[in-house]
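This report walks through one structure, element by element. Keep the viewer open alongside the text.

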There are 2 protein chains.
Amino acid sequence: MVVRTKVSSSGAESELNLGLLMFIPYRAMEKEVLDALAAAGFDDVTLAQARVFQRINANGSRLTELAEAAQLTKQTVGFLVDQLERAGYVERTPDPRDRRARLVRVADRGAAAVRASAGVVAEIEARWAEHLGPARTAQLREALTALREITDPYA
Amino acid sequence: MVVRTKVSSSGAESELNLGLLMFIPYRAMEKEVLDALAAAGFDDVTLAQARVFQRINANGSRLTELAEAAQLTKQTVGFLVDQLERAGYVERTPDPRDRRARLVRVADRGAAAVRASAGVVAEIEARWAEHLGPARTAQLREALTALREITDPYA
DNA sequence: CTGGATTGGTACGATATTCTGACTATCTCA
DNA sequence: TGAGATAGTCAGAATATCGTACCAATCCAG
């Protein structure tokens, strides 16, 4: 994974690639939200579980969909969903369209966790917006949303 | 981890939070670069190793710095750097400023890997730029760079 | 409408990743 | 100089992730 396309010999700041530039704020938010969640009593969610959980669609998602979206194997996602299910965050229901498949849905406790983290996310986004200003914040969201069209494996 | 701040009841696309919006392209790039790297003969680098490797400064970084930047514990980073060192990607040199510390530097094979991936990264960024157009691409980089000021634990 | 290919998911075993707690050596500074 | 902070390591345990191999339901070409 390359980071710096140009490295000055003097040690001055170098240009980071867009990927890493995106990962830095993401990781910061992820960490902060997870910490807040733990403080709010949801102390049994792990990072890996959260990364899968957040991709669950409002109408329920199939395991395969989640795996593709998160770029993980279906075994890994199955493993994580098992834990989320045992902890009461999600539930599995049969998919009426395909008897092989089951839909993973957000369960009551999962919905509570979503509510709990919504405030923190809003707070972080507000902090970011304050730093960037409204125009740049809007541009950022706009560009990222557009970028999703060609980078989200399950969009 | 909350994703959707508003969920329409009809199943239409909902608003994702900025964090996830950043993670999606990042993950896509990460995967593509790592695959290309593996195809180019650097088939022993893992994702976790790469995530640490990419934070190494041109002048060398301390373990603690890497840990803070990557938001991992120093034990974890030490473990990963050990592997990178054994595989020839990095080397540890004593830090002249502090005899407790050692500087992790990119070694020859690491530099070769950087060169190998630079092309892929450029290609991906070009693809993104083509999709977004020059203006939005510049705005994206600008906003992300600014955001780094308040989200990079080691900036 | 049937048999082969595809798709959704699970089972098992092997690694890889990450953390907590405890410890040593060195450094800082009042 | 001595108390606390900092850089890093060691040991052990819990999590996460993958590869290979399966099964069952569905899809599709003929």
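In chain B, helix 4 (residues 74–86) lies across strand 2 and strand 3. Helix 4 of chain B runs at about 110° to strand 2 of chain B. The model is a predicted one.

## The sheet of chain B

What is the strand order in the open sheet of chain B? Three strands line up as 1-3-2, and the pairing is antiparallel. The edges are strand 1 (61–62) and strand 2 (90–94) of chain B, and each of these pairs on one side only. Strands of a sheet pair through backbone hydrogen bonds, in either a parallel or an antiparallel way.

Strand 3 of chain B spans residues 102–106 and pairs with strand 2 of chain B over five bridges, in the antiparallel sense. Here B:Pro94 stands opposite B:Arg102 of strand 3. Strand 1 of chain B is joined to strand 3 of chain B by two bridges, and these strands also run antiparallel. On that side, B:Arg62 has B:Leu103 of strand 3 as its bridge partner.

## The surface near DNA strand C

How many residues surround DNA strand C? There are 23. The closest are A:Thr64 and A:Ala101 from chain A, with B:Thr46, B:Ala48 and B:Arg99 from chain B.

Which element gives the largest share? Helix 4 of chain B does, with four residues. Helix 4 of chain B is also the helix that lies across strand 2 and strand 3 of chain B. By class, the surface near DNA strand C has eight charged, eight polar and seven nonpolar residues.

## The contact between the chains

Chain A puts 52 residues into the contact, and chain B puts in 52 residues. On the chain B side, helix 1 (18–39), helix 2, helix 5 (108–132) and helix 6 (134–151) each supply at least two residues. The largest share of that side is 16 residues, and it comes from helix 1 of chain B.

What is the make-up of this side by class? The side of chain B that touches chain A has 30 nonpolar residues, 13 polar and nine charged.

Conventions:
Residues are numbered from 1 along each chain as its sequence is written. Chains are lettered from A and ligands numbered from 1 in the order in which they are written. This is a predicted model: local features need pLDDT of at least 70, side-chain atom pairs count only at pLDDT 80 or more; totals for chains, interfaces and linings use all residues. Two strands pair if DSSP finds at least two bridges between them. Two residues are in contact if their C-beta atoms, placed from the backbone, lie within 7 Å. Axes are lines fitted to C-alpha atoms, for helices over the stretch in contact, and angles run from 0 to 180 degrees between N-to-C directions. A residue is near a molecule or strand if its C-beta atom, placed from the backbone, lies within 6 Å of it. Ala, Val, Leu, Ile, Met, Phe, Trp, Tyr, Cys and Pro count as nonpolar, Asp, Glu, Lys and Arg as charged, and the others, Gly among them, as polar.
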